[in-house]
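These are my notebook entries on a single protein chain. I set down each term with its cut-offs where I rely on it.

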Amino acid sequence: MRKLNPRNDFIFKKIFGEPGRERELMAFLNAILHNTLSAPITSILIIEHKELSQQLFDDKLGIIDIRATLEDATIINIEVQLINQYNMEKRTLFYWSKLYSSSIKKGENYKLLPRVITINILDFNFLGTKSYHSTFHLWEDTEKDYKLTDILELHFIEYPKFKNQVGENYKQLSKTRWLKGLEQNIDQTTLEELINLEPAMEYVQKTLDYIGSDPEMISLYEAREKARLDNINMIDSAIEEGKIEGIKEGIKKGKIEGIKEGKIEGIKEGIKKGKIEGIKEGKIEGIKEGKIEGIKEGKIEGIKEGKIEGIKEGQVNLIIGLLDILDDETLALKSDLSIEEIKDIRKKFS
């Protein structure tokens with residue numbers, strides 16, 4: 001395992017981004033841009049645009065990137081980003097636009113605007129794509145094979161996806177060799193194989209060995225690593241704090257919603273139970289009242305029927321006394337009884 005991380009942006013710039021590193025940079029770019037270059041890069045100019053001073057490393061937001069131009073005026077910008085600040089797509093477009101718009105002076109012909117390629121090497125998963133290497137251009141939405149222009153070209157290389165990918169053998173593909181060669185956790189045997197296959201990688205390793213033996217360089221490297229780790233902790237703390245606040249807010253809203261829904265459900269359940277209880281009590285009350293009303297009506301009907309029966313019995317007794325005097329028809333006329341009832345009486349009492 002290496003002492004230094006080649007993807008630390010300070011180390012990466014020392015390897016590829018300083019004058020005298022053209023050979024290594026061309027080999028790396030030819031591997032990464034193999035599918036979009038019309039021909040291999042044979043000449044490159046590395047642009048120095050920042051002083052690597054202590055002030056830069058004290059600045060946690062300081063950006064160390066690599067800029068270079070090709071023979072056809074194409075501008076290439078490489079940035080290594082080890083921390084996910086959740087703004088990578090906007091960030092790379094912003095830097096692309098600055099490089100593009102600043103490439104000509106006011107009043108110059110737009111035809112002089114060059115192709116600008118940005119390469120983002122990320123130590124985290126960022127895109128929803130399956131491939132570890134994603135490339136973007138300006139394509140027409142419906143006619144997918146029509147490219148408006150090639151002046152915009154954005155590359156994203158996601159190292160976690162690269163480490164998990166299967167099917168690419170570093171012995172067969174130059175891009176895979178270079179990405180493998182930039183890993184910190186690499187054994188000596190694999191490293192020697194990579195150097196045999198990619199001779200320019202020997203200079204990469206020599207640079208790492210040189211930096212690792214220079215106390216001042218180690219100090220700058222460690223300052224950058226500390227700034228990076230501090231930034232990671234700050235982002236993680238902010239995320240954790242956001243989660244806690246989110247949970248609190250969720251509980252609060254949940255209680256309010258719960259009370260609201262609880263009331264509605266309670267009212268529904270209350271109505272349901274109330275109906276059942278009401279029906280039950282109504283039946284009991286109905287039976288009670290029914291009995292009282294029944295007794296009352298029964299008394300009235302009994303009295304009524306009793307009166308009728310009493311009158312009837314009185315008439316029968318009167319008729320019995322007149323059987324020997326009057327005939328059946330006369331007795332029927334004189335009473336409320338029918339002739340048949342008179343005849344029945346006569347049979348019983350004659």
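I call a residue buried under 20% relative accessible area, exposed over 50%, and partly exposed in between, with a 1.4 Å probe and protein chains only. By that scale I read A73 as partly exposed, because its relative accessible area is 40%.

**Entry 1: basis.** I am working with a predicted model, in which local features need pLDDT of at least 70 and side-chain atom pairs count only at pLDDT 80 or more, while totals for chains, interfaces and linings use all residues. Residues are numbered from 1 along each chain as its sequence is written, and side-chain values use heavy atoms, with hydrogens and water left out.

**Entry 2: the chain as a whole.** I looked up the secondary structure and found 11 helices and six strands. These are DSSP runs numbered from the N terminus: helices are H or I with at least four residues, strands are E with at least two. The protein chain has 350 residues, of which 36% count as buried. I then took the contacts, meaning heavy atoms within 4.5 Å. Among contacts with a separation of 6 or more, 63% are between residues 24 or more positions apart. The accessible surface is about 22,400 Å², and carbon and sulfur atoms hold 55% of that surface. Areas of this kind come from the Shrake-Rupley method with a 1.4 Å probe, and for residues only the protein chains shown count as cover.

**Entry 3: positive phi.** I returned to A73, which sits in the loop between β2 (65-70) and β3 (75-81). Its phi is near 80 degrees, a positive value in a residue other than glycine. I noted Y86 as well, whose phi is near 60 degrees, again positive and again not in a glycine. Y86 is placed in the loop between β3 and α4. With a relative accessible area of 57%, Y86 is exposed.

**Entry 4: salt bridges.** I count a salt bridge when a side-chain nitrogen of Lys or Arg is within 4 Å of a carboxyl oxygen of Asp or Glu. The search of the whole structure returned 12 of them. One of the pairs I looked up is E153 with R115, whose closest N and O atoms are 2.4 Å apart. E153 lies in strand β6 and R115 in the loop between α4 (88-101) and β4 (116-122), so this pair ties together parts that are 38 residues apart in sequence. Both E153 and R115 are buried.

I also recorded E24 with R21, where the closest N and O atoms are 3.3 Å apart. Here E24 is buried at 3% relative accessibility, whereas R21 is partly exposed at 21%. For K90 and E89, the closest N and O atoms are 3.8 Å apart. K90 is exposed at 60% relative accessibility, and E89 is partly exposed at 34%.

**Entry 5: surface patches.** My patches take residues with over 30% relative accessible area and no salt bridge; like charges are joined within 9 Å, and nonpolar side chains (Val, Leu, Ile, Met, Phe, Trp, Tyr) within 5 Å. Asp and Glu count as negative and Lys and Arg as positive, with His and the chain ends not counted. I take the place of a charge as NZ of Lys, CZ of Arg, CG of Asp or CD of Glu.

Which residues form the negative surface patch? I list E277, E281, E285, E289, E293, E297, E301, E305, E309 and E313. Of these I looked up E313, which belongs to helix α9 (residues 215-322). E313 is exposed, its relative accessible area being 53%.

A nonpolar surface patch is made by L138, Y146 and L148, and together they have about 310 Å² of accessible area. L148 is part of strand β6 (residues 147-158). With a relative accessible area of 63%, L148 is exposed.

**Entry 6: C-alpha separations.** I looked up E192 in helix α7 (residues 188-197), a residue that counts as partly exposed at 43% relative accessibility.

How far apart are the C-alpha atoms of E341 and D328? I noted 9.5 Å for this pair, which is 13 residues apart along the chain. E341 is in helix α11 (residues 339-349), and it is partly exposed, with a relative accessible area of 30%.
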